[in-house]
Amino acid sequence: MDMISEFVKFRWPVQPVCSYCKSIKVAEGDSSGRFYCKTCRTSFSVKTSTPLQNSKLPLIKWLDLFWLVIEKNEKSATKLAREINLNRKTASKLILTILVEYKKDVEFRQIVQRANDHRRLLKQI
């Protein structure tokens with residue numbers, strides 16, 4: 001299973017929901033992970049309306065960041081940058097984004113918790 005379909009499960013455990021009008025009348029688009037809303041006729045991705053929306057960072061690195069920042073409580077930008085191969089300034093901005101959004105955005109918090117739960121289960125196997 002690819003990373004996009006994994007992330008879809010973290011964001012929408014039951015079924016995809018339109019990021020704009022919240023409709024469940026959604027068709028899966030192409031292999032790039034885009035969806036099409038049949039109600040408002042817009043396309044969106046798993047990253048739309050999340051802090052990840054404008055990020056060019058691959059989803060796998062975001063998942064690593066979620067794990068290290070939230071689960072392992074790692075706040076050192078230098079250590080994170082070294083561990084997941086990022087620039088220190090980028091790591092610092094991402095730590096701040098994750099911590100701020102985790103506190104204020106319930107949907108984002110649920111995504112992070114589901115992703116970390118999944119990773120915890122994989123580590124037990």
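Arginine 120 counts as partly exposed, at 30% relative accessibility. In this predicted model, its salt-bridge partner is aspartate 117. The closest N and O atoms of the two are 2.7 Å apart. Aspartate 117 is likewise partly exposed, with a relative accessible area of 38%. Both residues belong to helix α5. They sit 3 residues apart, about one turn of the helix. The pair is part of a network: salt bridges with shared partners join Glu71, Asp117 and Arg120.

In total, the structure holds 5 salt bridges. One of them links the side chains of arginine 11 and glutamate 107, at 2.9 Å from N to O. Arginine 11 lies in helix α1 (residues 3-11), whereas glutamate 107 lies in helix α5 (residues 106-124). The pair therefore ties together parts that are 96 residues apart in sequence. The burial of the two partners was also computed. Arginine 11 is buried, with a relative accessible area of 5%. Glutamate 107 is partly exposed, at 28%.

A further salt bridge is formed by the side chains of lysine 104 and glutamate 101. Here the N to O distance is 3.6 Å. Both residues are in helix α4 (residues 88-104). They are 3 residues apart, and about one helical turn separates them. Lysine 104 counts as exposed, with 59% relative accessibility. Glutamate 101 counts as buried, with 17%. The value for glutamate 101 falls in the buried class because the cut-off is under 20% relative accessible area. Lysine 104 is placed in the exposed class because its value is over 50%. Side chains of opposite charge can pair when their charged atoms come close.

The strands were examined next. An open sheet of 3 strands is present, in the order β1-β2-β3. Its pairing is antiparallel. Strands β1 (26-28) and β3 (43-45) stand at the edges. Each has a single partner strand, so one side of each is left without a neighbour in the sheet. On average, neighbouring strands of this sheet are turned by 35° against each other, direction ignored.

The pairing of β1 with strand β2 (residues 34-37) is antiparallel and runs over 3 bridges. Within this pairing, valine 26 stands opposite cysteine 37 in β2. Strands of a sheet pair through backbone hydrogen bonds, either parallel or antiparallel.

Methods. Residues are numbered from 1 along each chain as its sequence is written. This is a predicted model: local features need pLDDT of at least 70, side-chain atom pairs count only at pLDDT 80 or more; totals for chains, interfaces and linings use all residues. Side-chain values use heavy atoms; hydrogens and water are left out. A salt bridge is a side-chain nitrogen of Lys or Arg within 4 Å of a carboxyl oxygen of Asp or Glu. Helices (H or I, at least four residues) and strands (E, at least two) are DSSP runs, numbered from the N terminus. Buried means under 20% relative accessible area, exposed over 50%, partly exposed in between (1.4 Å probe, protein chains only). Two strands pair if DSSP finds at least two bridges between them. Axes are lines fitted to C-alpha atoms, for helices over the stretch in contact, and angles run from 0 to 180 degrees between N-to-C directions.
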